[in-house]
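Let's take a friendly look at a protein chain, starting with the overall picture and then zooming in on one helix.

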Amino acid sequence: MSKRIDVKDLNVYYGNFLAVEDVSINIEAKSVTAFIGPSGCGKSTFLRTLNRMHEVLPGARVEGEVLLDGDNLYGPGVDPVTVRSQIGMVFQRPNPFPTMSIRDNVLAGVKLNNQKISKGEADALVERSLQGANLWNEVKDRLEKPGSGLSGGQQQRLCIARAIAVEPQVILMDEPCSALDPISTLAVEDLINELKDQYTVVIVTHNMQQAARVSDRTAFFNIAGTGKPGKLIEFAETSTIFNNPSNKATEDYVSGRFG
Amino acid sequence: MTSTLTPARKRSALTKGQLPKFAPYAVLAVALVLGAAILALIGFNAFGWGIVSAILFAAGLVGWSAAVEGSRKAKDKLATCLVVGSFLIALLPLISVIWTVLVNGIPGIITPGFLGTSMNGVTGVYDNKAVEGGAPVLGGIYHALLGTVQITLLATVISVPVGLLTAIYLVEYGNDRSVARAITFFVDVMTGIPSIVAGLFAAAFFFAVVGPGTKTGAVAAVALSVLMIPVVVRSSEEMLKIVPNELREAAYALGVRKWRTILKVVIPTAISGIASGVTLAIARVIGETAPILVTAGFATSINNNVFGGWMASLPTFIYTQILNPTSPSNPDPSSQRAWGAALVLIILVMLLNLGARLIARVFAPKTGR
């Protein structure tokens, strides 16, 4: 239940502004791939093109190919809704639906699409997803309480449970721990390690230790200057990026030297 | 000076140079007495007493504070006086209106049959008898109450779907296109339409479509919708705009279609604001008089059919009772009925406002743990 992603010569635009230029990258199935780089270099923008969330913003478009096990996401006639149901996403800020209970938040992908599901199946799905997100023991006694009553870290794990409840092939995470404390971060990182047994995980992070801890392969993005497009500088095994990078800019970034 | 005011207590050095706690009350008492004395010289009236005392109070407190506490505290006291004074001035008309309507309306409202009977068959003869012979005042507002409820309900049924769908288009699909900008512009223009013009529009429209002289509750409802729609659009638009984009993106990322996202995530999140906005829009049009006079005419008997025949409403009932008393020689019973109707109208609007708050509370996203 996981697929690989191959990106070929992808250019990402906001209107006429070229935000990310000429990215080609191969993301392996059942692995964790981390994107690192300075703010504004286009990591998140690029991540959002992988499940066609980029085009939700007015004027945003892409050129190039993104292949999910060989099928082009941007091919003619491809429905973005189908793409998104196969490639789930977790956002920077936890965003549970405030009008729904914890249980309904987990079932959101099913219920919002009006799919029929029996109570027994729904219970099983809720338990399986919350177990998968390491949240079951904390919330099993208050599934009918609102999701917004949880702590920030719990909310983020609820969002992960919500994402895996629709059983996607790939999970994209956009700085999932940037709003969390170290303990919640640890819980989410443990979770990412477990998730890679079943899913392809792509994570954007500002925290280089986090990238080193959780990822198998790391991509370094950089930007030449304000108004210039972001580029993929180097993509390799995580140990190579952090210990023996081939590019000077990568070495400067991971060792904390700039300019 | 401070030491003479509080001789029994040794004061902390930290609280030196402050007015005693009772200072405002003392100044108020002095200002009231002085004000009464000044007013007595030029002829006493309560309104003047209030004004003179307020000025004396402000001047006295600020002056005293300046002498004891310094200019910063004095400015603070002056600002407090201005703020509280403005608040009282704003409150005065409101209290006065409620008081007047209560005093004049309660005799009407407690008359037996006032809420349960219409004006059908009530002529000047009965009013004359009521004034001269002490017979009870006959007639009531049942027909007008019924008309108001029917017309407002129909207007709401027309306006809410149109207004809400317009707001959804503007926020979710408009993307600042020229169509969306044009709609926003016309909605703004519509907000400023005088209500009589809305009434004339509805009347002219139905004259042209149905036939000359068409005056029914439905025509009035259309006129009121013209006034309601822009209010509903505006308030719903604001409510939809404050739904965080993150929630929409969360739903999209789960593979939910846009229309389902709007229907099941965006609207439920904003429903409390939308519902209270609608209720306030109803409260806004329920008291309209002019558009109803030109569209629904005026009736003295009960009309249960909003689509046929003239129809009374509370504002037009008040208007006609005051302007054309049932008995021209003895207008008091008519005026009593008019005040009673006014009180009922105010109570209706208050209930609607309370309802809006209740709705907002019931539908608000829960945050409990």
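What follows is a short tour of the chain and of one of its helices.

Keep in mind that this is a predicted model. Chain A contains eleven helices and ten strands. Its C-alpha atoms fill a box of roughly 55 × 45 × 30 Å along the principal axes. A compact globule with 259 residues would have a radius of gyration near 18 Å, and chain A agrees, because its value is 18 Å. Of the 259 residues, 47% count as buried. Now think about contacts between residues with a separation of 6 or more: 69% of them join residues 24 or more positions apart.

Next, zoom in on helix H8 of chain A, which covers residues 182-195. This helix has 14 residues and reaches 20 Å from its first C-alpha to its last, close to the 20 Å expected at 1.5 Å a residue. Here is how some of its residues sort out:

| Group in H8(A) | Residues |
|---|---|
| Buried | Ser184(A), Val188(A), Leu191(A), Ile192(A), Leu195(A) |
| Exposed, on the face turned away from the buried side | Pro182(A), Ile183(A), Asp190(A), Asn193(A), Glu194(A) |

Seen down the axis of H8(A), the buried residues fall within an arc of 105°, so they line one face of the helix.

What do the buried residues of H8(A) pack against? In chain A, their partners are strands E3 (32-36), E7 (170-174) and E8 (200-204), together with helices H7 (152-165) and H9 (208-214).

Conventions. Residues numbered from 1 in each chain as written. Chains lettered and ligands numbered in written order. Predicted model: local features only at pLDDT ≥ 70, side-chain atom pairs only at ≥ 80, totals over all residues. Helix = DSSP H or I, 4+ residues; strand = E, 2+ residues; numbered from the N terminus. Rg over C-alpha atoms; globule rule 2.2 N^0.38 Å. Buried ≥ 20, exposed ≤ 12 C-beta atoms within 10 Å, placed from the backbone. Contact = placed C-beta atoms within 7 Å. Expected span 1.5 Å × (residues − 1). Arc of directions from axis to C-beta.
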